[in-house]
Amino acid sequence: LPGLDELLPAPAVSEDAAKKFFEANKDKVPPGATYEQLAPRIKEILGNEDRAKTFNNTLQKLQADGKLELLAKEPGSPVVNIPVDQFPSQGDSKAPHVLVEISDYLCPHCQEVQPQVKELAKKLGSKVKFVQINFSLRPAQLSGTLSEGSFCAQKQGVEQFWKYHDIAFAKPAGTFADAYDIAKVKPIAEQAGLNVKDWEACMASKEPKEWIQKTRDLVNGLGVTGTPTFFLDNKRLNLKNPAELAQLVESQTAS
């Protein structure tokens, strides 16, 4: 019988893709480690990700063609209790379903999935209430500045929060490697039409940092360690890749 490498060959990973991955994750590598040292491992990781996508696509095709049937059901997610009223939302407040997104503005996968989220909000606004929880993965760095900035935007109103939120995702202020820097985030507040003087006063207070820590405690208590993570009606969505979000949400809210 053919082996896994023959059935699912790992695709070649380009130098550009590997270098881009290295630059985006510089803050996670050991001090002094160079791209040349880590390149083989990076290419292995990216190759395995592509292999996993090929596996999922092949599995779905076999099922769609009636050539494969999985009899074992995937275990369901446990029900949790998320205090959604504490966080900004959009859509019908009385909608029968609630979709919670936990994300970080500098997370590449979060940035990738945002167009789907926005499209879902337009398409399912009467059926789904969308709740945003900003979970800073690097609270002491630029990631934290952006999340604090969103908190101070929300202090001026929910509409102001969503304007800030959309701009922060559309025009990333930097990467995870960047230091805490209010000056990099201030243009987002200005473009969102906030009262910048009040926003800066909020940023200078202890309140946003306390809120970010409180949010981290809540999110960690839900068992979430990475972003993006989605909960639909208090059950975690098991996404194999972000591209599945729209299809999964629509299928589970169809009735």
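Does leucine 62 count as buried, exposed or partly exposed, and what is its relative accessibility? Leucine 62 counts as partly exposed, because its relative accessibility is 32%; buried means under 20% relative accessible area, exposed over 50%, and partly exposed in between (1.4 Å probe, protein chains only).

This is a predicted model, in which local features need pLDDT of at least 70 and side-chain atom pairs count only at pLDDT 80 or more, while totals for chains, interfaces and linings use all residues. Residues are numbered from 1 along each chain as its sequence is written, and side-chain values use heavy atoms, with hydrogens and water left out.

**The whole chain**

The C-alpha atoms fill a box of roughly 70 × 55 × 30 Å along the principal axes. Of the 255 residues, 38% count as buried.

**A nonpolar patch**

Select Leu62, Leu68 and Leu70, which form a nonpolar patch on the surface with about 230 Å² of accessible area together. Accessible areas come from the Shrake-Rupley method with a 1.4 Å probe, and for residues only the protein chains shown count as cover. Patches are made of residues with over 30% relative accessible area and no salt bridge; like charges are joined within 9 Å, and nonpolar side chains (Val, Leu, Ile, Met, Phe, Trp, Tyr) within 5 Å. Leucine 62 itself is placed in helix 3 (residues 35–64).

**Salt bridges**

A salt bridge is a side-chain nitrogen of Lys or Arg within 4 Å of a carboxyl oxygen of Asp or Glu. By this rule the count comes to eleven.

Select lysine 129 and aspartate 85, whose closest N and O atoms are 3.7 Å apart in a salt bridge. Lysine 129 lies in strand 3 (residues 128–134) and aspartate 85 in the loop between helix 3 and strand 1 (89–90), so the pair ties together parts 44 residues apart in sequence. Lysine 129 is buried, at 11% relative accessible area, whereas aspartate 85 is exposed, at 70%.

Next, select glutamate 250 and lysine 123, joined by a salt bridge of 2.9 Å, N to O. Glutamate 250 belongs to helix 10 (residues 245–252) and lysine 123 to helix 4 (residues 108–123), so this pair ties together parts 127 residues apart in sequence. Glutamate 250 is partly exposed, at 28% relative accessibility, and lysine 123 is exposed, with a relative accessible area of 53%.

Key
Helices (H or I, at least four residues) and strands (E, at least two) are DSSP runs, numbered from the N terminus.
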